[in-house]
Amino acid sequence: MSEDKNLINLDELSTIMRSAEENFEELSAQRMDDYDNLIKRIILIEKVHKYGSSGFEKKIKEIEDLIEAFIKKEG
Amino acid sequence: MNLIKLKTTNWRNFYGEHELDFSNKEDKHVTLIHGQNGTGKTTMLNAIKWCLYRTTPDFDKELKDVPNVEIAHWDTWDSKVENGKTIKTKPSDSGSIFKVELRFEHEGIEYRATREAHQKDMRGKAIAPGKDEFSLFQKSPLGDSKLISEPQSAISRILPQELSDYFLFSGETVGKILDSSLGDGNGYKNAVRDILGFTLSDAALKDLDTVLQKNTRKKNALIAADNLTKASGNKLITLNEDLTFIVDQLADLNKDYRVADKSYEDIKKEIEETGHEQEQLLGSQLRKKEKDRDDEIVRRQGFINEKIELIEKYGFAIFGAFLKKEVQPLKLAKFDGKLPAGVIDTFIEDLLKKHKCICDRELAAKTNEYNSVKALLDTANTSVIDDRLTKAFTATNLFSGRANKFISNLDRVSNQLETSDRLISSYSNAVDDLEKKLKGFGNKDVATLLANKRTLKNSCEILKEKIVSKKIILKRTRADIALIEKDIEKIKVNNPELEMRISFERVIKIAQKRLTINQEKYEKSARKTITKTVHTNMMDYSHNDYTANVDENFNVNLTVTDTDTIAAGAGQGTEMLSKLSFITSLISHSKLRKNAESSWAAPGTIAPFVIDAPFSEMDEDYQKSTLKFLPAQSHQLIIFLSNGQWREHYEDVIGDFIGKRYYYKNHIKPGGNLTQSKLPVKGIEYEVESDDWDKAHLGTSIVEIK
């Protein structure tokens with residue numbers, strides 16, 4: 001007999017709960033530090049551009065490069 | 001930023017060259033300038049503003065109003081009669097230039113800013129505007145000066161013009177700069193956030209959003225280009241277009257709401273100001289009922305938001321997709337005692353009889369749902385049904401704690417909403433009655449205003465509803481996007497570029513979340529510290545027992561401590577005290593961030609406090625208190641103080657902090673009235689006016705008190 005869509009499917013509920021858990025998952029201390037460092041470097045780019053005169057596109061490119069490097073390092 | 005010296009040439013009533021050196025010593029960081037009313041206290045504050053930004057509150061448009069007025073009207077003071085004709089004597093050449101020079105230090109570097117203009121026509125009142133020239137020099141460690149190529153931009157980076165009002169201001173305008181209802185409603189909060197050092201992190205969040213959007217477009221294009229994910233990719237592109245459209249619509253609606261709300265508040269004030277005594281009494285009752293109703297509407301909105309949040313977050317986390325399908329959660333209580341072992345058939349029949357499924361869904365006869373449940377009786381064996389029901393109740397047990405909490409919260413909010421609706425309806429009826437009575441006075445103006453007010457109120461309500469509904473659509477669209485993206489994640493596509501885009505998105509979202517959490521934490525702690533300082537100041541210095549609270553929009557609210565009621569009409573002096581206290585504690589807090597280079601936030605904006613006439617509306621006690629906390633909460637303080645408001649005993653509270661001190665000497669034209677007033681400072685009485693008006697002594701001059 002096929003599963004009736006009107007009845008509770010425990011597997012489906014478990015999956016949803018797991019994904020809900022993932023959404024609420026706190027970053028580990030190490031990961032928090034990594035992200036805080038990334039943020040600091042983004043802020044630094046903002047600071048350099050605030051007091052410098054190079055364009056918006058260049059700033060966005062620098063932020064993109066920084067995130068790409070972060071992902072590569074992350075593996 | 002620290003001010004070092006102000007030098008003016010032919011600036012308004014300060015003819016010739018004048019200088020003010022500002023004290024920068026750590027323990028004596030106050031410069032006090034005494035002046036009679038009308039002798040140029042605001043003029044010197046304006047000189048600083050004009051030099052840095054070319055604008056002043058009084059004469060920001062026409063350059064012709066800026067120069068020395070006596071030079072502009074030179075014919076009124078220097079003329080001779082020859083052969084029966086009046087011959088005007090041209091003033092000296094120096095009168096053709098007016099200039100302000102400001103020396104200041106910022107982050108260890110000394111700067112010199114100069115703004116000057118030349119008059120083209122020295123004769124008559126109509127002076128040609130001319131062009132002003134602005135230069136900024138930076139002093140090198142070797143002592144020589146380097147001209148900065150984009151001086152105005154450099155000034156904006158040191159102290160942005162929009163923030164300067166919080167550092168260079170007149171006491172009389174402090175209420176205006178702290179009024180969050182002015183402008184677009186966000187300007188004030190943003191300015192406070194800038195002072196607190198949010199500038200760079202706000203910019204980072206905005207830029208991360210730009211990077212995210214760019215990445216999303218690329219990612220969706222890659223998804224749409226892959227055969228395995230093509231359908232989902234196209235849906236994603238459409239949904240993202242919808243999302244951009246909804247966000248724009250929401251921004252427009254918010255803007256419309258702010259405009260309508262502002263007009264509504266204005267018209268309310270206008271109604272207050274019209275009418276005679278009886279009308280005013282009814283008007284005041286009307287205001288009270290309207291306030292009660294509006295407060296209740298705000299409370300009701302809070303309940304709605306709470307309900308939405310409960311369902312969107314908590315409820316969704318528990319019931320997931322089921323909630324999305326609008327299936328009500330299982331209520332265990334409903335089935336208690338109805339499931340004795342071996343009577344599964346009875347249970348199914350019971351469901352069919354009541355036309356309600358176990359999940360509370362309607363089971364209308366002959367529908368697919370009804371037939372499916374009915375089919376269980378005919379086709380399935382008991383153990384399958386038993387097993388399935390066991391699973392269902394295991395699931396329910398699994399979540400029962402959270403589910404029950406969710407349901408009880410939902411019930412509570414729903415009850416609160418009902419009570420709130422009843423209250424709003426009762427207040428609205430009272431408002432209607434009072435409005436009818438007011439209209440009965442036959443005052444056409446009031447009737448028109450009341451009609452306009454009602455229309456505006458309705459517009460506000462409609463706009464509010466539209467905003468709430470748009471926000472729900474926005475959330476749903478985001479949820480739909482998230483669902484499709486989850487589906488795509490399950491499809492194993494061998495595309496490194498796509499994988500990179502997905503990782504990119506994840507990293508940006510986490511970084512944004514982390515940065516926002518940091519900002520919220522810091523903003524909360526800043527608000528707490530500022531509240532504490534303002535509160536302490538109010539407890540120490542206010543005549544009454546007020547509790548000060550700084551709300552999330554950085555408005556200072558005073559409540560009567562014992563009754564916890566809003567301190568309506570606390571008095572202008574008290575309000576002035578609380579506002580000055582707020583500004584100083586804000587700057588004082590910002591000062592703590594001066595060395596915050598290693599932190600995620602920008603160092604706070606630091607600039608001297610230059611306050612003209614800080615004592616507006618204050619009595620002597622408040623004046624003394626202000627002189628006590630202002631030096632304690634600022635790193636450099638420059639006060640232009642009216643002679644009439646100076647008391648010798650103030651020396652006891654501020655004297656020790658004064659590093660530089662001046663008084664204005666007013667040179668009266670021959671035949672003018674000398675008031676004989678003197679300025680008493682530390683036992684010496686200084687002459688603040690003289691009748692030695694000539695070319696060397698025009699208008700006001702500045703004398704240092706050593």
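**Where chains A and B cross**

Helix α3 (residues 56-74) of chain A and helix α7 (residues 199-225) of chain B have axes that come within 10 Å and cross at roughly 75 degrees. Helices here are DSSP runs of H or I, at least four residues, and strands are runs of E, at least two, numbered from the N terminus. This is a predicted model: local features need pLDDT of at least 70, and side-chain atom pairs count only at pLDDT 80 or more. Residues are numbered from 1 along each chain as its sequence is written, and chains are lettered from A in the order in which they are written.

**The crossing**
- α3(A) and α7(B) are therefore roughly perpendicular to each other (65 to 115 degrees).
- Axes are lines fitted to C-alpha atoms, for helices over the stretch in contact, and angles run from 0 to 180 degrees between N-to-C directions.
- A:Phe56, A:Lys59, A:Ile60, A:Ile63, A:Glu64 and A:Ile67 in α3(A) meet B:Asp207, B:Leu208, B:Thr210, B:Val211 and B:Lys214 in α7(B) (heavy atoms within 4.5 Å).
- By class, this contact of α3(A) with α7(B) has 6 nonpolar, 1 polar and 4 charged residues.

**Chain A**
- Chain A has 3 helices and 0 strands.
- Its pattern along the sequence is α-α-α.
- Of its 75 residues, 32% are buried (under 20% relative accessible area, 1.4 Å probe, protein chains only).

**Helix α3 of chain B**
- In α3 (residues 151-158) of chain B, the residues B:Pro151, B:Ala154, B:Ile155 and B:Ile158 are buried.
- They cover an arc of only 100 degrees around the axis, which puts them on the same side of α3(B).
- The arc is that of the directions from the helix axis to the C-beta atoms.

How values were computed:
Side-chain values use heavy atoms; hydrogens and water are left out. Angles under 35 degrees count as roughly parallel, over 145 as roughly antiparallel, 65 to 115 as roughly perpendicular and the rest as oblique. Ala, Val, Leu, Ile, Met, Phe, Trp, Tyr, Cys and Pro count as nonpolar, Asp, Glu, Lys and Arg as charged, and the others, Gly among them, as polar. Buried means under 20% relative accessible area, exposed over 50%, partly exposed in between (1.4 Å probe, protein chains only).
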